[in-house]
Every structure is written in structure tokens, then in C-alpha cells.
Amino acid sequence: MERRYGAGVQIEDHLRRVTGARAAHRVARIQSLWSGWGEIVRFALDGAAVPSVVVKIVEPAASHPLGWGSGVAEARKHRSYAVEEAWYREWGSRCPVRIPTALDVAQGVFVLEDLDAAGFPERARGGGRLPDARVAACITWLARFHAGFLGASPDGLWPDGTYWHLETRPDELAAMPEGALKRAAGPIDARLRGATHRTVVHGDAKVANFCFGPSGVAAVDFQYVGGGVGVQDLAYFLGSAFDDAQLEHVAERWVDAYFDALRGAGGGAAEAEWRALLPFAWADFERFLAGWAPEHWKRGGYADARTQEALDALGVTGS
Ligand SMILES: Nc1ncnc2c1ncn2[C@@H]1O[C@H](COP(=O)(O)OP(=O)(O)O)[C@@H](O)[C@H]1O
Ligand SMILES: [Mg+2]
């Protein structure tokens with residue numbers, strides 16, 4: 001910690017400084033960060049404008065205990081936290097949907113509004129099916145986010161968002177079995193990047209990154225925010241909310257709901273193009289999974305059928 005705040009300065013001192021609190025007390029760790037790169041902690045504050053804050057503290061591990069993680073993976077992760085800093089510093093105040101307010105962001109320490117205290121204390125539990133009202137809230141959040149940033153140049157963010165973006169996943173591409181999807185990896189990516197209607201995508205819009213409450217829904221985790229098309233977040237969100245059998249029944253309805261909300265938020269100009277790109281969004285994530293975790297539960301018949309549509313549209317044939 002010392003190196004971040006100056007010699008002898010602890011996180012509690014830092015929090016007092018940026019919040020005006022008399023005292024800051026560590027309450028509990030919310031979770032550790034991916035592969036031990038730090039933690040997310042709740043601190044209680046005395047005498048500040050808010051009773052608590054949530055602090056995301058990034059501490060890159062010198063090397064992974066299992067020796068896993070190539071130079072590419074570590075560079076991607078470093079950059080992802082720099083992007084998240086840029087997001088909270090330069091984009092957060094322009095965001096048209098609910099996210100935590102950042103009280104201070106510097107050198108891998110994010111002092112964020114506590115969303116639980118702000119009226120979003122509920123999380124979706126794994127296992128059960130996400131209630132329709134929550135699916136609708138997330139889909140509307142995404143549509144408004146995408147409509148709000150239509151045409152924006154993703155300065156300071158990833159030029160191409162999503163944590164599975166092809167350019168950042170050379171190891172997974174190499175690990176893919178030979179076949180049509182591997183041959184189409186570049187062309188699929190090029191379609192998504194070449195869209196006329198581009199916006200900013202969240203880049204990791206899974207159910208676990210939404211916080212729910214009586215006042216609606218808020219999203220966190222902006223490490224992979226960047227340029228893209230809205231259906232990249234939409235397909236990935238649906239894939240996190242529903243299993244394969246459910247997708248067959250409900251995906252179409254939620255896609256329509258997304259485009260209703262997009263139109264309602266002023267983003268209707270993108271609809272026709274993004275509808276045509278939806279199979280490419282599924283195929284692009286499928287490409288990542290096929291190299292990263294070929295047996296992943298998300299790889300089902302629904303995603304496979306959408307992937308095949310994209311391959312057909314590209315004229316890439318064979319297995
Ligand atoms: N500002 C916040 N207020 C309340 N809970 C938060 C806040 N930020 C993060 N969380 C909780 O911590 C979890 C992990 O945070 P996240 O930024 O997604 O870290 P990771 O990159 O490790 O997934 C979130 O899913 C959310 O439940
Ligand atoms: Mg997260």
C-alpha cells in the first residue's frame with residue numbers, strides 16, 4: 001500500500017483524505033479479484049457524507065502460483081485496470097445509466113459509492129432463473145447505455161471492448177481446433193468492427209456484474225469497456241442469464257425487448273444493422289470459448305445455431 005499513498009500512508013488515511021471522514025474502518029472483503037490480483041472491500045466511514053464506500057484495490061501478483069498466464073494475459077489485465085480508471089475518471093459522469101459514483105480513482109485504487117447503501121443491495125443468485133423483471137431491467141440498462149454512447153469515439157477505453165476481443169486472445173485462438181470457426185475468426189471480428197453504428201459496450205455484462213434493488217439496477221466492472229456494437233453485450237448477457245434450453249424459448253423475446261428499449265432511448269437508427277450482427281456477436285464469443293474452455297456450459301445448441309448463421313452469412317463452409 002505504501003507505494004501508492006506515500007511512505008507510511010495506509011488505505012484508511014487515503015480514504016479519510018478523499019472522503020473527508022474522521023475515520024475509516026475496514027468492514028469486510030466482498031471478494032478477491034480474478035486470480036488474486038487484489039480485493040474488493042467495504043469500508044465504514046465516520047463523519048463523511050456517506051456511511052460507507054466500496055474500494056477495489058488492484059495488486060498485480062508477481063506471477064501466478066500455477067505459472068498460468070502468458071505475458072499477453074498479464075498485459076491484458078494491466079490494461080484492463082487502466083481502462084477502468086479512465087472509465088470512472090473520464091466517462092462515468094457522462095454515463096446515461098446507473099453506475100457507482102467514483103469518489104477517487106488512482107493507481108489501481110477505486111474508491112466507489114457503495115451501491116448496497118445506495119439502494120442496490122441485491123445480487124442474482126446462481127442456480128435459479130433470473131426473474132423477468134430483472135432481465136428486463138438489465139436489458140433496458142444495456143439499451144440505454146448503448147443508445148447514449150452511439151457514435152462516441154472510445155477515447156481512453158479499449159478501441160474494441162469485451163474481454164474476449166480477438167486481438168487480445170491470441171493464445172485462445174491458437175488453442176482452437178482447426179475448422180470453420182477458426183478460419184472465420186478474423187472475418188467475424190471484422191464485421192463487428194466494421195459496423196456503421198458503433199457505440200461503447202460494457203464488455204463483461206454478465207448477470208453477476210449487475211446490482212439490483214427497489215430503485216432498479218446498476219452495473220459495475222468496467223475493465224473491458226470500449227468500442228463495439230450493442231448486440232455484443234446483449235448476446236453475452238443472454239448467455240449468462242439463461243441456459244441453452246431456455247434460450248431457445250426466450251431469446252427472441254428478449255432481443256425484441258432490447259430493440260424496443262433501444263428505440264425508446266433514441267438508438268433506433270442502429271436496429272437493422274445490429275439485428276443482422278447478432279449472429280456475429282454470438283459467433284465471436286463462441287470463438288473465444290472454443291479456445292478457452294471447449295467444454296464450457298455456455299456452448300449449447302442455441303449459440304451453435306447462431307454461430308452457424310454467421311458462418312453461412314460469411315460463406316465459410318466445412319467443419
Ligand atoms: N460500488 C460497489 N458497490 C457495491 N458492490 C460492489 C461495488 N463494486 C463491486 N461490487 C460487488 O463486487 C463484485 C465484484 O466487483 P467487480 O468490479 O465486478 O470485480 P471483478 O473484476 O473481480 O469481477 C460485484 O459483482 C459486486 O457484487
Ligand atoms: Mg465482476
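The model is predicted: local features require a pLDDT of at least 70, side-chain atom pairs count only at pLDDT 80 or more, and totals for chains, interfaces and linings use all residues. Residues are numbered from 1 along each chain as its sequence is written, while chains are lettered from A and ligands numbered from 1 in the order in which they are written.

**The two domains**

Please begin by colouring residues 1–113 as domain 1 and residues 123–319 as domain 2; such bounds come from an automatic or database domain assignment. The centres of domain 1 and domain 2, taken over C-alpha atoms, are 27 Å apart. Across the boundary, 15 residues of domain 1 are in contact with 20 residues of domain 2, where contact requires C-beta atoms, placed from the backbone, to lie within 7 Å. The side of domain 1 that touches domain 2 has nine nonpolar, two polar and four charged residues. In this classification Ala, Val, Leu, Ile, Met, Phe, Trp, Tyr, Cys and Pro are nonpolar, Asp, Glu, Lys and Arg are charged, and the others, Gly among them, are polar.

**The ligand**

Next, select ligand 1. The shell holds 19 residues, the closest being Val54, Pro100, Leu112, Leu115 and Asp221; a residue is near a molecule if its C-beta atom, placed from the backbone, lies within 6 Å of it. By class, eleven of the shell residues are nonpolar, two polar and six charged. Strand 1 (23–32), strand 3 (52–58) and strand 5 (109–113) each supply at least two residues of this shell. Helices (H or I, at least four residues) and strands (E, at least two) are DSSP runs, numbered from the N terminus.

**Two loop residues with positive phi**

Asp221 is in the loop between strand 8 and strand 9 (226–228), and its phi is near 70°, a positive value in a residue other than glycine. Asp221 counts as buried because it has 21 C-beta neighbours inside 10 Å. The cut-offs are 20 or more other C-beta atoms within 10 Å for buried, 12 or fewer for exposed, and partly exposed in between, with C-beta atoms placed from the backbone.

Move to Gln107, in the loop between strand 4 (102–106) and strand 5. Gln107 has a positive phi of about 45°, although it is not a glycine. Gln107 counts as exposed, because 10 C-beta neighbours lie inside 10 Å.

**A hairpin**

Select strand 7 (residues 210–213) and strand 8 (residues 216–219), which pair in the antiparallel sense over four bridges; pairing requires at least two DSSP bridges between the strands. A hairpin of two residues joins strand 7 to strand 8, and Phe212 stands opposite Val217 in strand 8.

Continue to helix 7 (residues 230–241), where eleven of the twelve residues are buried. Among them are Leu234, Tyr236 and Phe237.

Finally, select Trp292 in helix 9 (residues 271–292). Trp292 is partly exposed, with 15 other C-beta atoms within 10 Å. The C-alpha atoms of Trp292 and Met176 are separated by 7.9 Å, although these residues are 116 apart along the chain.

Note on methods. Contact = placed C-beta atoms within 7 Å.
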